[in-house]
Structure formats: C-alpha cells, structure tokens
Amino acid sequence: MNIQPQMIQVTYVSEKTSNSDKNLTSIFEISQKNNPEKSITGCLLIGSNSYLQLLEGPTLAVEELYAKIIKDSRHKNVKKLYDKVIEERLFSSWSMKFAPFENLDWSNKEFNSGNFLNIEPDGAENVFNSIKRIALG
Ligand SMILES: Cc1cc2nc3c(=O)[nH]c(=O)nc-3n(C[C@H](O)[C@H](O)[C@H](O)COP(=O)(O)O)c2cc1C
C-alpha cells in the first residue's frame with residue numbers, strides 16, 4: 001500500500017522589494033526551521049531584482065507555505081510559473097537551497113544580469129535542473 005502523501009512542486013517568480021541582506025538571512029533562518037518540519041525542500045534563486053523559488057513536498061504543506069509566501073512584503077508581483085504533481089523531488093537534500101545568481105556557472109548566459117522577471121515556465125524548469133546539476137558536480 002502506498003501511504004506517501006501526494007507531492008507537488010510549485011515554482012514562482014517575484015520582484016524583490018529591497019536588497020537587504022537582513023531579509024535574506026531571516027528568510028534563510030525561517031526556512032531552515034520550518035521546512036524540515038513540513039517535509040518541504042526546494043531552491044531559492046536570488047537574482048539582482050527578483051526571486052525564483054521552487055517549493056516541493058506534500059501537497060497541502062506546499063500550498064499552505066505558498067499562500068504565506070505570496071503575502072510576504074519582502075517581495076511583490078508573485079507570479080506562479082507552474083505547479084505539478086511529482087513522484088520524486090528535485091532538491092531532496094536541501095530544506096531550501098539558496099542560490100545567489102552570481103555563483104552560478106550558466107551554460108547559457110540569458111539570465112546573467114540576475115533578472116528573472118520575464119522567465120517562462122520552461123526556462124525556470126531548465127534553470128532548476130542546471131542548478132541541481134551544478135550543485136551535484
Ligand atoms: C522569497 C521568499 C521565500 C521564502 N521561503 C520560505 C520558505 O521556504 N519557508 C518558509 O517557512 N518561509 C519562507 N518565506 C517566509 C514566509 O513568507 C513567512 O514569512 C514565514 O514562513 C512565516 O513563518 P511563521 O509562520 O513560522 O512565522 C519566504 C519568504 C520570501 C520573501
């Protein structure tokens with residue numbers, strides 16, 4: 001019998017409302033605390049003007065977290081790029097991997113300025129796949 005709850009992945013892009021490192025530290029700390037308790041994993045890409053985040057885990061937990069995140073005043077214009085049911089996680093080893101765009105060795109240079117605001121769902125998926133490949137070396 002399969003007793004695993006259904007899992008989903010949600011990806012969104014948003015506009016930063018400030019560039020403060022304090023914001024990043026507090027987001028990092030709260031995600032390290034909350035996400036393991038909710039069995040959520042994922043990746044937060046920190047662009048120059050934007051965030052691109054992938055959340056994954058049990059459906060209800062991810063939906064509840066997403067509902068909280070869209071109300072957060074540290075960003076605005078949150079736009080969901082896709083959500084989908086998944087069998088396997090992409091970032092199973094990270095409660096929330098923080099990926100500053102400067103540190104990424106992009107195979108294509110499209111997002112080198114760190115502006116993700118106009119990214120398409122397919123582009124976002126490629127970005128997260130690249131981050132995973134690079135992170136696992
Ligand atoms: C870009 C961004 C990403 C965030 N990612 C997470 C996350 O992965 N996990 C989390 O618990 N909160 C995250 N937050 C913070 C939530 O919006 C919210 O402040 C927090 O979950 C509240 O936690 P609490 O209910 O325990 O006080 C994020 C906020 C922003 C702006």
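**Basis.** I worked from a predicted model, in which local features need pLDDT of at least 70, side-chain atom pairs count only at pLDDT 80 or more, and totals for chains, interfaces and linings use all residues. I number residues from 1 along each chain as its sequence is written.

**Ligand shell.** I found 15 residues around the ligand, taking a residue as near a molecule if its C-beta atom, placed from the backbone, lies within 6 Å of it. The closest are Ser31, Asn34, Tyr51, Asp72 and Arg74. I then asked which elements supply the shell: α1 (21-37), β3 (50-58) and α2 (59-69) each give at least two residues. Helices (H or I, at least four residues) and strands (E, at least two) are DSSP runs, numbered from the N terminus. The largest share, 5 residues, belongs to α1.

By class, I noted 7 nonpolar, 5 polar and 3 charged residues in the shell. Here Ala, Val, Leu, Ile, Met, Phe, Trp, Tyr, Cys and Pro count as nonpolar, Asp, Glu, Lys and Arg as charged, and the others, Gly among them, as polar.

**Ser39.** I located Ser39 in the loop between α1 and β2 (41-46). Its phi is positive, about 60°, although Ser39 is not a glycine. Ser39 counts as partly exposed because it has 15 C-beta neighbours inside 10 Å; the cut-offs are 20 or more for buried, 12 or fewer for exposed, and partly exposed in between, with C-beta atoms placed from the backbone.

**Asn77.** I placed Asn77 in strand β4 (residues 75-86). Asn77, a residue other than glycine, also has a positive phi, near 50°. With 11 C-beta neighbours inside 10 Å, Asn77 is therefore exposed.
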